Amino acid sequence: MDTMLEATGIGKRYEDFTLRDVSLGVRRGAITGVFGPNGAGKSTLIKVLACQVPAGAGTVRVFGLPCAGRDAAIRNRIGYVPQEPVFYMDKTVQWNTRFAAAYFAEWDGGEFYRLLDRFKVNPLKAVKHLSGGQKKLLALAMALSHRPDLLILDEPAAGLDVLHRRALLDRLRAFVADGDRAVVVASHITDGLDEIAEDVSFLHEGRVILHDDRDDLLSRWKWILYAEGARDPTVEDGLTDVRRQPYGNRGLTADFPAIRESIAPALASGDVRVENASLEDILIALVKEA
Amino acid sequence: MFIALSPSHPDPMYKQVTDQIKDAIASGALEPNERLPSVRELAEALDVSAITIKRAYLDLETEGYILTRAGLGSFVAEVDRDELKRRKLDEVRAELTRLVRSSAKFGITAEDVARLARDLERH
């Protein structure tokens, strides 16, 4: 497998908490989503992955190169959008852009203004007059315009309305469509990034509690709904988050393929039904367990 | 009675409730004159609004599956079993059509499907 970014055993004391032993790989051609509750450590991890702050322990290798040193070879190939992008607020978008363009080895001005147009950001406005969402999109346009191979984004969808969020998701999908590049994005599941992430990492209290292919994950985790009368110990075995109600119980299984055969007769008779779980369901179950 | 609602199902919630109550009546899980749970009780148990259940009960009443008596609640009506069977057959026909058409793409004939169905009944 072709890995663009490899983090191994990352530890980091930062502000008021600690990242512990975080390992994850970012596949070329994929969007990797880092999800977790507030305060799980997403922003700290993103800064370490983007080589913005050094890891306290462990190593980060980007394009096979160690992060240490923050050299131009890495900087030019990473498009980074922090949670709170920094601009000269009193200056116009255009003025800020000249400043950013000079910082990178390459700059595609045509692409930049196409993106501003698509994101409906007026280049002549002072940055302080842009909305929070527009500032995010401006930072994204800058990150995309120096032709990076890897995009690293911290909550890019926060504060965006539905139309701009759709534009963001479409742009990220297009970014990885040719299979040569990759995206790492920290986000809340409710922001819609989970719909486009091929790989997902769940972060909780500074640890990765799950890192997996999204489709594999969703094919293993299912809601099992079953009639009270048909309560079969083999159905209920191994279910978590069981809710009993007078007109049918439900519980979450983390390994549907393993129980598929044993519940087949009850499925056929209609006493048991299977329903897809969402990433949110899975995250909540794992956080409860942890 | 087993009612399982799915937010991802293409049918709206009230329709899922009416369909599953119809199934329970057809299968005998709910018998004629049996009292249905109150709107509020069912809404709470299924985690949906009372409006959703009210709408489902109203549709069931319009279609003659249940009777609602003021102050007493809703009860399963005396339904014509042949009529239930006819309605179910329409559903089965629709599903079979889909099945036979998708099978045909793989060279599986309607006769093959029928043979499979007969095998199922034997087991």
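1. A word on terms before the tour: two strands pair if DSSP finds at least two bridges between them. Strands (E, at least two residues) and helices (H or I, at least four) are DSSP runs, numbered from the N terminus. With that in hand, look at chain B, where strand S1 (residues 66–69) and strand S2 (residues 73–76) run antiparallel and are joined by four bridges. Ile66(B) stands opposite Val76(B) in S2(B). The two strands form a hairpin with three residues between them, and Gly71(B) in the turn has a positive phi of about 85 degrees.

2. Some housekeeping for reading along. This is a predicted model, in which local features need pLDDT of at least 70 and side-chain atom pairs count only at pLDDT 80 or more, while totals for chains, interfaces and linings use all residues. Residues are numbered from 1 along each chain as its sequence is written, and chains are lettered from A and ligands numbered from 1 in the order in which they are written.

3. Now for chain A as a whole. Chain A holds eleven helices and 14 strands, and its C-alpha trace spans about 70 × 40 × 35 Å along the principal axes. Of its 290 residues, 38% count as buried (20 or more other C-beta atoms within 10 Å of the residue's own, with C-beta atoms placed from the backbone; 12 or fewer is exposed, and in between is partly exposed).

4. One sheet of chain A is open and has six strands in the order S6-S7-S8-S3-S9-S10, with mixed pairing. Strand S6 (78–81) and strand S10 (207–213) are at the edges with a single partner strand each, so one side of each has no neighbour in the sheet. Ignoring direction, neighbouring strands are turned by 15 degrees against each other on average. Strand S9 (residues 199–204) and S10(A) pair in the antiparallel sense over six bridges, and Asp199(A) has Asp213(A) in S10(A) as its bridge partner. Helix H11 (residues 279–289) of chain A packs on this sheet, touching strand S3 (31–35), S9 and S10; the direction of H11(A) makes about 35 degrees with that of S9(A). Such angles run from 0 to 180 degrees between N-to-C directions, and axes are lines fitted to C-alpha atoms, for helices over the stretch in contact.

5. Is Leu203(A) buried or exposed? Leu203(A) is buried, because 25 other C-beta atoms lie within 10 Å. Leaving aside residues up to four places away in sequence, Leu203(A) touches Val34(A), Gly36(A), Ala40(A), Gly41(A), Lys42(A), Leu45(A) and Val208(A). Leu45(A) is 158 residues from Leu203(A) in sequence, yet the C-alpha to C-alpha separation is 9.4 Å.

6. Chain A also has an open sheet of four strands, in the order S12-S13-S11-S14, and here the pairing is antiparallel. Its edge strands, S12 (240–243) and S14 (272–276), each pair on one side only. The twist from one strand to the next averages 20 degrees. Five bridges join strand S11 (residues 222–226) to strand S13 (residues 249–253), with Lys222(A) opposite Thr253(A) in S13(A).

7. Back in chain B, the axes of helix H1 (residues 13–27) and helix H3 (residues 50–62) come within 8 Å and cross at roughly 45 degrees. That angle makes H1(B) oblique to H3(B) (under 35 degrees counts as roughly parallel, over 145 as roughly antiparallel, 65 to 115 as roughly perpendicular, and the rest as oblique). Residues making the contact include Tyr14(B) and Ile21(B) of H1(B), and Ile53(B) and Leu60(B) of H3(B). By class, this contact has seven nonpolar, two polar and two charged residues. Ala, Val, Leu, Ile, Met, Phe, Trp, Tyr, Cys and Pro count as nonpolar, Asp, Glu, Lys and Arg as charged, and the others, Gly among them, as polar.

8. Finally, the two chains meet: eight residues of chain B are in contact with ten residues of chain A. On the chain B side, the residues divide into six nonpolar, two polar and no charged.

How values were computed. Contact = placed C-beta atoms within 7 Å.
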